[in-house]
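My entries follow in the order in which I looked things up.

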Amino acid sequence: MKKFCPNCGAPLDPNDKFCSHCGYVIDNKQSTNVNEAPTQQITQSGNAQAKSHNKKLFWVVIGAAILLILAIGAGVLFVHHQNEQEIASTVDRMSKRKLAGLTIEYAHLHYKDNSAWNDVYHDAQNGNVTVERYKKYDIDNSTITAKGNNYVYVINKKAIFTTDNDKKNSQSAITLSDGKRQLGVVKATDAYKDVQKHNAVSNLNKINNESMPQLNDRQLAVLVAFNEFGTDDLNGLYKTDDKNFSYGEDYRGFYSFHTGGDGASMIYFKPVGNMVIVKHLDVKHAVDAADAKMMTENVKKSDLINKFYKTDEQKARVNKFAGPDYIRTSDSSDDE
């Protein structure tokens, strides 16, 4: 076979000691066979291309896998966030009566051996749930006192729970007690999640399926008066768009009544769906009535009812002061 100079590639004779083209000293072992050189170059080039292709394919696969993982993770986070938002919204819409229902169902899942909560659970199954609110409550020779702005909520005079009144339900914790000892503390949203986990939402809805009493405006006025000032001294109920009164547009559709002898005791309220908008002068934080600012509050009807219109005694008292002997109305249609 013909050989070539390993230095410059010029053709060589078999016995050449030097390259006639470049003068390179020839070692017969170093000379290159003409048939071998192209094959090695082709093989090396093919291997390099294959390695480059495989490397690119590897990174494409890795990139696609990373994108898939990120997409799945984002989807899971989105669904989780949506679920958390729905739970928070559901819990925030609960009145204290329905929050009591949630507490009853949660206690049934975790404290079945507790006689007080077990009795309350069976009462609730029969549609008998009465929730009363106190700053402190005596039960089983013990006194339970609410902290700060919170209240003690007593269910059927047997079981007790407290919660953070100055926070939304979804941001509050529920403390359960049977009057003798504290049983546990749970976030309201976690309690609802636990009820979901145990497939007990339908049972919770059954407990909370309480039809709200339909109150006329006189009864509602009494509840507002009780709630705002703790009084039933009502000196007249009028609608602010009555022809005998002149009010601004901000008061259109409101009712008004006095709880005393002067204008500073005037309260305005307007039922809107399940809420009551209440306006009154903040005389407690003013030097005198002339400097008092008008306050506006949104109060849940269910909270007013649970607080002042649950027991037979409460209902009789409200109905008494809502009667014509105690409230003068400008129009008989107010009673409808």
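**Helices and loops**

Helices, I note, are DSSP runs of H or I with at least four residues and strands are runs of E with at least two, both numbered from the N terminus. The model is a predicted one, in which local features need pLDDT of at least 70 and side-chain atom pairs count only at pLDDT 80 or more, while totals for chains, interfaces and linings use all residues. Residues are numbered from 1 along each chain as its sequence is written, and side-chain values use heavy atoms, with hydrogens and water left out.

**H6**

I then checked the length of H6 (residues 217–229): its 13 residues should span 18 Å at 1.5 Å a residue, and its end C-alpha atoms are 18 Å apart, which agrees; the expected span is 1.5 Å times one less than the number of residues. At the N-terminal end I found Asn-216 as the cap, with a side-chain oxygen 3.1 Å from the backbone nitrogen of Arg-218.

How enclosed is H6 by the rest of the structure? It is largely enclosed, because 11 of its 13 residues are buried, where buried means under 20% relative accessible area, exposed over 50% and partly exposed in between (1.4 Å probe, protein chains only). Among the buried residues I listed Asp-217, Arg-218, Leu-220, Phe-226 and Glu-228.

**H3**

In helix H3 (residues 115–125) I recorded Ala-116, Trp-117, Val-120, Tyr-121, Asp-123 and Ala-124 as the buried residues. They cover an arc of only 160 degrees around the axis, which puts them on the same side of H3; the arc is that of the directions from the helix axis to the C-beta atoms. What covers them includes helix H2 (96–110), S7, S8, strand S9 (173–177), strand S10 (182–187) and H5, contact meaning heavy atoms within 4.5 Å.

Asn-114 caps the N-terminal end of H3, with a side-chain oxygen 3.2 Å from the backbone nitrogen of Ala-116. After H3 comes Gly-127, with a positive phi near 80 degrees.

**Two asparagines with positive phi**

I looked next at Asn-156, which is not a glycine and yet has a positive phi of about 55 degrees. It sits in the loop between strand S7 (151–155) and strand S8 (159–163), and it is buried, with a relative accessible area of 14%.

Asn-199 also has a positive phi, near 55 degrees, in a residue other than glycine. I placed Asn-199 in the loop between helix H4 (188–197) and helix H5 (201–208). Is Asn-199 buried or exposed? Asn-199 is exposed, with a relative accessible area of 69%.

Terms used:
A polar contact is a pair of N or O atoms within 3.5 Å; within protein, one must be able to donate a hydrogen and the other to accept it, and residues adjacent in sequence count only if both atoms are side-chain atoms.
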